[in-house]
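The sequence and structure come first.

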Amino acid sequence: MDRKEIQVAVEKYLAQKGYGRMALKAAMFDMDGVLFDSMKNHAKCWHETMAHFGLELPEWEAYMHEGRTGAGTINLVSIRQRGYEATEEDIERIYQYKSDLFNKCPKAERMPGAYELLMKVKGSGVVPMVVTGSGQKTLLERLNRNFPDIFRPELMVTAFDVKYGKPNPEPYLMGMEKAKKELGALAPSNFIVVENAPLGVAAGVAAGVFTIAVNTGPLPDDALLSQGAHLLFHSMQEFCDEWEHVVACLR
Ligand code: CA
């Protein structure tokens, strides 16, 4: 991607929103499929869990629901296949089974290029944040181990902070709220969102933020572009290689 393409994307976003200019201060990163190469495990576990309960969810489709709450995904499949909503007991049982399976999977690796990108982001004076629907108890410890000295806990949004989850803009609105307290009054044009999933892109766009899709999974680019992604890279490494151009256009 050349600088011109990035510039065009930024100008289009500013015109749509009626903002004068971008003044990038913080970058809100999604976690699964962006910072960690964990989506293969999630998709496999969802598929196996549903099959165990007589329900159908192909692995590729799990990528389409990525970012939804566990309850949301279970309900959607239940309504589609059985014609009724899952009971709370159902949801608890199915989600527990999926979590147990997931915990037995080998720990996901850092996404190639992610740490290098985060170092560049920080080096540019932009504050990196995490906005995730994940609620793993070891989350903070894992982030610190894999990305030392990058994230501040008070600038993180996790499953414990939000009610609706993506594609609702809530997680990113809350991210901006937290950044306001810590970094001073900030507008959407002070942020970017970095997402790998269609629903995550939809959430970033609905929050009014310039949203960069990183297509690290098996879905076609259009699954992300059709949700309104303003820019798309095919890997975190590619995004990392282009960071200087991106940040030059966003300031
Ligand atoms: Ca994700």
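## Basis of the values

The model is predicted, and local features need pLDDT of at least 70, side-chain atom pairs count only at pLDDT 80 or more, and totals for chains, interfaces and linings use all residues. Residues are numbered from 1 along each chain as its sequence is written, and side-chain values use heavy atoms, with hydrogens and water left out.

Helices (H or I, at least four residues) and strands (E, at least two) are DSSP runs, numbered from the N terminus. A residue is buried under 20% relative accessible area, exposed over 50% and partly exposed in between (1.4 Å probe, protein chains only).

## The largest pocket

The largest pocket holds about 1100 Å³ of space. A pocket is an open set of points on a 1 Å grid over the protein atoms alone, with protein on both sides within 12 Å along at least five of seven lines; lining residues have an atom within 4 Å of a point. Grid points are joined across faces, edges and corners, and the volume is the space filled by probe spheres set on the points.

The lining of this pocket has 38 residues, and Gly70, Tyr95, Gly133, Ser134 and Gly135 are the closest to the centre. At least two lining residues come from each of helix 2 (39-52), helix 4 (70-82) and helix 5 (88-104). Helix 5 gives the most, with nine residues. By type, the lining has eleven nonpolar, 16 polar and eleven charged residues. Here Ala, Val, Leu, Ile, Met, Phe, Trp, Tyr, Cys and Pro count as nonpolar, Asp, Glu, Lys and Arg as charged, and the others, Gly among them, as polar.

The whole structure has two cavities of 30 Å³ or more; a cavity is a set of grid points where a 1.4 Å probe fits but cannot get out. The largest cavity has a volume of about 80 Å³. Its lining consists of Asp32, Ser38, Asn41, Phe102, Cys105, Pro106, Lys107, Ala108, Gln136 and Arg142. Four of these residues are nonpolar, three polar and three charged. The second largest cavity holds about 50 Å³, and its lining includes Tyr63, Glu66, Pro198 and Leu224.

Arg142 sits in helix 7 (residues 139-146). Arg142 is buried yet has no salt bridge, and the nearest side chain of opposite charge, Asp32, is 5.5 Å away. Apart from neighbours within four places in sequence, Arg142 is in contact (heavy atoms within 4.5 Å) with Phe36, Lys107, Ala108 and Gln136.

## Salt bridges

A salt bridge is a side-chain nitrogen of Lys or Arg within 4 Å of a carboxyl oxygen of Asp or Glu, and the count comes to 13. Lys44 pairs with Glu48, with the closest N and O atoms 3.7 Å apart. The two residues are four apart in helix 2, about one helical turn. Lys44 is partly exposed at 38% relative accessible area, and Glu48 is partly exposed at 34%.

Lys120 and Glu244 form a salt bridge at 3.2 Å, N to O. Lys120 lies in helix 6 (residues 114-123) and Glu244 in helix 11 (residues 236-249), so the pair ties together parts 124 residues apart in sequence. Glu195 and Lys166 form another, with the closest N and O atoms 2.8 Å apart. Glu195 lies in strand 4 (residues 191-195) and Lys166 in the loop between strand 3 (156-157) and helix 8 (170-183), so this pair ties together parts 29 residues apart in sequence.

Helix 9 (residues 198-206) is mostly covered, with seven of its nine residues buried. The cover over those buried residues includes helix 3 (59-64), helix 8, strand 4, strand 5 (210-214) and helix 10 (221-225). Gly208, which follows helix 9, has a positive phi near 85°.

Asp149 has a positive phi of about 60° although it is not a glycine. Most residues other than glycine have a negative phi. Asp149 lies in the loop between helix 7 and strand 3 and counts as exposed, at 66% relative accessibility.

Note on methods
Lys and Arg count as positive and Asp and Glu as negative; His and the chain ends are not counted.
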